[in-house]
Amino acid sequence: MLQTTKRALRRFLLEKQFLLQPPEECASSAEAMRQRVLDMIRHLECVQIDPVSAVRPNQHLTLAARIDGYEPAILNELLRKNEVFEYLANAACVIPMEDYPIFEPTRRRLQQRVQPHIDMISTIAEQVLHKLENEGPLPAKSFESNQRVHGYWDNVNAKTKATSHALNLLTDAAQIRIVGREGNQRLFDVTRRSVPVELLQQAERIDKAKALEAMMQKFFRAYRVFEPSDPRFGWQSLSAKERREAIDQHVKSGEIVQVLVEGLNKHYYILASDMERLSAQEDEGRARAIENEAELPVHFLPPLDNLLWSRQRLADLFDFNYRWEIYTPAVKRKYGYYAMPILAGDRLIGRMDPRLDTKLGRLTVQLLQIEPEIDYTDGLRESVQRALESFAYLHGAKTVSVEQCTYR
């Protein structure tokens, strides 16, 4: 068992998330930037996708927080060139294409779940497949249907176009996949034509136990600091007992180690190979006991950023309670529809709720909220303001304004 402090463990986590320093600068060539984005996705293991776009969708904000000069077109190009694929990991995610085979157990599990629903609209599903075979890639708007069915997000009334529902079901069943995005439109094509043949063959031959273990290792690398109470543990729909058994098994094998954190009455775990970097952050944290707040790197993190996947980990290591209020009625929201946590150095100091007006080239922060226990000094305010201006510029805004700011 290792013993450490909250600050050392969160600094280690931030380092592994590429958030301890300002966004990395990249060579100016398009090819260098494309490779940098692909390398970042590989390092993070996956990046969560979400269509909500108060500024830009989650996947683009996540990458922009880590790569200076990032543009959404780069990720779309990687998708079109089949260097990444979209499927379920932590949720719907962008994943490096070389990982396609190890997701075979997940695909089979989802296929079993959605097949009865595909059978219910089998004629429409067959028509969709036939059209994609002959004309793909195609967006959903290329498919015509007057029939409405209960889609994934419908409640009482059937509102979803039958062909759109078929596309979603066939995607989950891995018969087709998303091969590009044009704005909010997804482009679909048949899987056998859009995944490299050797990866399809590996997926067919892969041993289930080996695939699941590879998935567990991928989860460990993605989270870096983890514990078995998280229901997403291992990305395998494991029971609480199975999660604890998996932890015990990997501790006994020496692959992961238990970490006792000062001030917490629970244990976290890290990869044994990360012990040296955690120790280094203990030393680095002591060396940076006093920092120049006017020079702190500041990041604005989207609600589904990799760092925020575990809300309990945020509370434990950062003393920061975060809830995405998108589904909270407007009158009950405390921080805003798209409140993005503000990371300053190794602390989460508050939230900002932005809106981007692309036509006017203006970023409006409806609320900039600083946590009550944070001393919002002139230096820290300067760092946040500078970061706001950079954030606005990166996302195409010429001006930025803050409607309301709350701090102690």
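Buried means under 20% relative accessible area, exposed over 50%, and partly exposed in between, with a 1.4 Å probe and protein chains only. This is a predicted model: local features need pLDDT of at least 70, side-chain atom pairs count only at pLDDT 80 or more, and totals for chains, interfaces and linings use all residues. Residues are numbered from 1 along each chain as its sequence is written, and side-chain values use heavy atoms, with hydrogens and water left out.

**Whole protein**

Select everything. Of the 408 residues, 54% count as buried. The C-alpha atoms fill a box of roughly 65 × 60 × 50 Å along the principal axes. The radius of gyration (over C-alpha atoms; globule rule 2.2 Å times the number of residues to the power 0.38) is 22 Å, which agrees with the value near 22 Å for a compact globule of 408 residues.

**Secondary structure**

Switch to cartoon. There are 14 helices and 17 strands. These are DSSP runs numbered from the N terminus: helices are H or I, at least four residues, and strands are E, at least two.

**Helix 13**

Select residues 311–318. Helix 13 is mostly covered, with six of its eight residues buried. Pick them out: Arg313, Leu314, Ala315, Asp316, Leu317 and Phe318.

Now show the surroundings. The buried residues of helix 13 pack against helix 1 (6–16) and helix 10 (208–223), among others. Strand 11 (267–271), strand 13 (340–344) and strand 14 (347–357) are also partners. Contact here means heavy atoms within 4.5 Å.

Step on to Asp319. This residue follows helix 13, and its phi is positive, near 50°.
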